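This report describes one protein structure for a reader who has not seen it before. The sequence and the structure come first, and the description follows.

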Amino acid sequence: MELAHSLLLNEEALAQIAEAKRPVFIFEWLRFLDKVLVAANKVDVKEKQKKLVEQLTELISSSSGPPTRKLLAKNLATLYSIGDTFTVFQTLDKCNDVVRSKDDTSSYLPTKLTAVACIGAFYEKMGRMLGSSFPETVSNLLKALKNAESQGRSEILLSLQKILNGLGGAAASCHRDIYKNARSGLTDRSMAVRCAVGKCLLELQKESVFMWTTELENLATLCFKALEGSNYGVRVAVSKLLGTVMATALTPKQAAVMRQNVKRANLEEVLELLATGFLRGGSGFLRSGGEMLKGGGSVSREVRVGVTQAYVVFVTTLGGQWLERNFATFLTHVLELISHPRATQSHVEAVYSRRCVSFILRATVGSILGEKAQIAAAKEVCQAIAKQMKTVESVVNDANNDKSGAADVSASQHVMVCALQELGSLVQSLSATASPLLQEPAIGLLETVTSVLLHPSMAARLGAAWCMRCIAVALPYQLTPLMDSCAERINSLKTSPEAVTGYSFAMAALLGSVHQCPLGIPHAKGKMVVSIAEDLLRTASQNSRLSLQRTQAGWLLLGALMSLGPSVVRYHLPKMLLLWRNVFPRSLKELEAEKARGDSFTWQVTLEGRAGALCAMRCFVAHCPELLTEDVIRRLMTPIECAMLMLSHIPSVIKAYGAQLKASAAMVRLRLYDILALLPPKTYEGSFNALLRELVAEFTLTDNSANTTTSLLRSLCHCDDSVLLGSWLQETDHKSIEDQVSSERAYVPNNLFCILLH
């Protein structure tokens, strides 16, 4: 390959090597030329320019692949920009002749693609020096675009993007023609073409006033349609186009406005257009301003994720000062998205819509605002939470509330989750600077967050618990007082299901944050937690109205206790082993007897209790490896083996008592597999046969009536294998929302519940 390292192509060396290796030799020469041309002496370049141009233009017809094509075009353009430009129009004409050619055979396609790439590179590098020829070139490319196949369409559109970039406003006479021909490609069957159109139109909008004035609504509709069935690359390109055009419509360049007397869009109109895509997708618009959207099916996940990314591009393009001035309006708008019935038509859709709204807030508020502005934003979010909570309290306290009241409570839970997650993230990122937020009585941040622990929705209570954890991590001196407050409230409000779950969630979250707090907590707090958990489990059967909540809360607290590590858990281990043993049937006979009694509700309580016990075991194994002696493992295996025995009987239980037990049964299975993944396989090798039968049933979905989709697959995959599951997306900025359009991740994540314990 050293023979390829010369300014001119070594034709003698090329002729001597095998035919199959010649493309590699040429590619290596082009790579060397790309590096050396910009550093070479201009006199040397001009001396050899004629020969070099001949060699490079001959390669246009050599059926080059994409990498070679790209380098060839770049080198030709660089050569003319450094050396003489006498023959540039001649070379440009040759490329145009190739593009005009009627030869549509597949063997001639690489030649056409290379010529198109060279045209784009010439205009991008030399710009207005080629200005006189651009109308003919653009017309030639647009004619070719109409009859080109997907590769050709993509390359032509990228070339048009480069022409627009090089010429700027000088190409204004062709802007409408390019727009009319390119826009239909947004719904092309080829994803590469959609990406290329997005990039081309993004370049076009810089100088084309009509795109963000008269064509704004039409372009938005096309972008929403482009996102349907899209891949990640298309979503990034189209969302960048949509967000940038919306931002430009709101704050256009002064020069562009001066040139044309145009009507500017206002913030309400722009946000309404984006909201239409989020809530309705590409099915069109209601033209009356402010009117609520009605009817129609749900929006595809691809469209919603793409519009979510467009919101972020829109705000980041406008900048931090704009967001600071308009934060109240923007926050209200974003929270209205998640409270809209169209965003939450099913539980799964509601979870993913919440992810999208949380992503919008975190990627804007958390990324482009300064410290002072973030404190102001936290106050606004806190006020929004307090306002929602007042609405909920008025509905709950109204004895005559109707279906609309219930709908308000249901919608508020989604607003609460997103607002509390953002408030928690803001406080945690502000760290000690967040102290004024807690100290100012007028803000009442702690009181507001604590009030949500009594919200009728479990999701809102979990969100409040997460927010309290963030407060404790940011301000460690608050940890012990908050724990004492939660303990006191659990004891004083034992008869309220919401209080039992809400304050136990908060205490579990605070326990999970101890390892992040350098001050820690007093040693006696572990004993207090065990006492509360034992009391909840002991009294669970005394009141059927509270059985489920007390069972869940008791086991959750014990699981959270395990995160304090062996120094605390060691003293409570004998008691824990006894509790774990007693929660499962000890023999097949006991299991059969258990199946013959009870009803759907008692089985739900039983399954939730066993899932909680397994979760606590899993936390013990994960956080206290020093305590895993042979004797402890042996005693742990007794309830685990009972759980494996119970798994084979779950389908018959669900068949007998109803499909409403599927979710609880799925949690039992998930928690069991979770703890087995942490234990050495040797400890349960005697159960391999039974376990294998269950795993085969899981993968093949043998018993559909009992199976609910849960997955540990990504976490258990080797890093080299996880690429098959789209692991590269985990390295992008959009991973938290892109997961929902991956089929492997198409299940409802129990993320808040798990985060509390880690």
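The accessible surface of the protein chain comes to about 33700 Å², and carbon and sulfur atoms make up 53% of that surface. Accessible areas come from the Shrake-Rupley method with a 1.4 Å probe, and for residues only the protein chains shown count as cover. This is a predicted model, in which local features need pLDDT of at least 70 and side-chain atom pairs count only at pLDDT 80 or more, while totals for chains, interfaces and linings use all residues. Residues are numbered from 1 along each chain as its sequence is written, and side-chain values use heavy atoms, with hydrogens and water left out.

**Overall make-up**

The protein chain has 37 helices and zero strands. Helices (H or I, at least four residues) and strands (E, at least two) are DSSP runs numbered from the N terminus. Of its 758 residues, 55% count as buried; buried means under 20% relative accessible area, exposed means over 50%, and partly exposed lies in between (1.4 Å probe, protein chains only). Among contacts with a separation of 6 or more, 75% join residues 24 or more positions apart, a contact being heavy atoms within 4.5 Å.

**The largest nonpolar core**

A nonpolar core is a set of buried Ala, Val, Leu, Ile, Met, Phe, Trp, Tyr and Cys residues joined through side-chain atoms within 4.5 Å. The largest one holds 245 residues, and Phe314 and Phe620 touch the most other members. Helix α30 (residues 600-623) supplies the largest share of this core, 11 residues. The core lies between domain 1 (2-210) and domain 2 (565-704), because both give residues to it; the domain bounds come from an automatic or database domain assignment. Beyond its neighbours within four places in sequence, Phe620 contacts Met562, Val569, Leu573, Trp580, Pro625, Leu627, Leu628, Val632 and Leu636.

**Helix α4**

Helix α4 (residues 66-82) has 17 residues and spans 24 Å from its first C-alpha to its last, close to the expected 24 Å. The expected span is 1.5 Å times one less than the number of residues. Since 12 of the 17 residues of α4 are buried, the helix is largely enclosed by the rest of the structure. The buried residues include Arg69, Asn75 and Tyr80. Their cover includes α2 (22-37), α3 (42-59), α5 (88-100), α6 (109-126) and α8 (150-167).

**Cysteines and Thr448**

The structure holds zero disulfides, a disulfide being a pair of cysteine sulfur atoms within 2.5 Å. Cys382 is in no disulfide, and the nearest cysteine sulfur, that of Cys467, is 8.4 Å away. Cys382 is buried, with a relative accessible area of 1%, and Cys223 is buried at 0%. Thr448, in helix α21 (residues 445-451), is buried with a relative accessible area of 11%. Leaving out residues up to four places away in sequence, Thr448 touches Cys382, Ile385, Ala386 and Ile443.

Most residues other than glycine have a negative phi. Ser63 has a positive phi although it is not a glycine, and Ser431 likewise has a positive phi without being a glycine.
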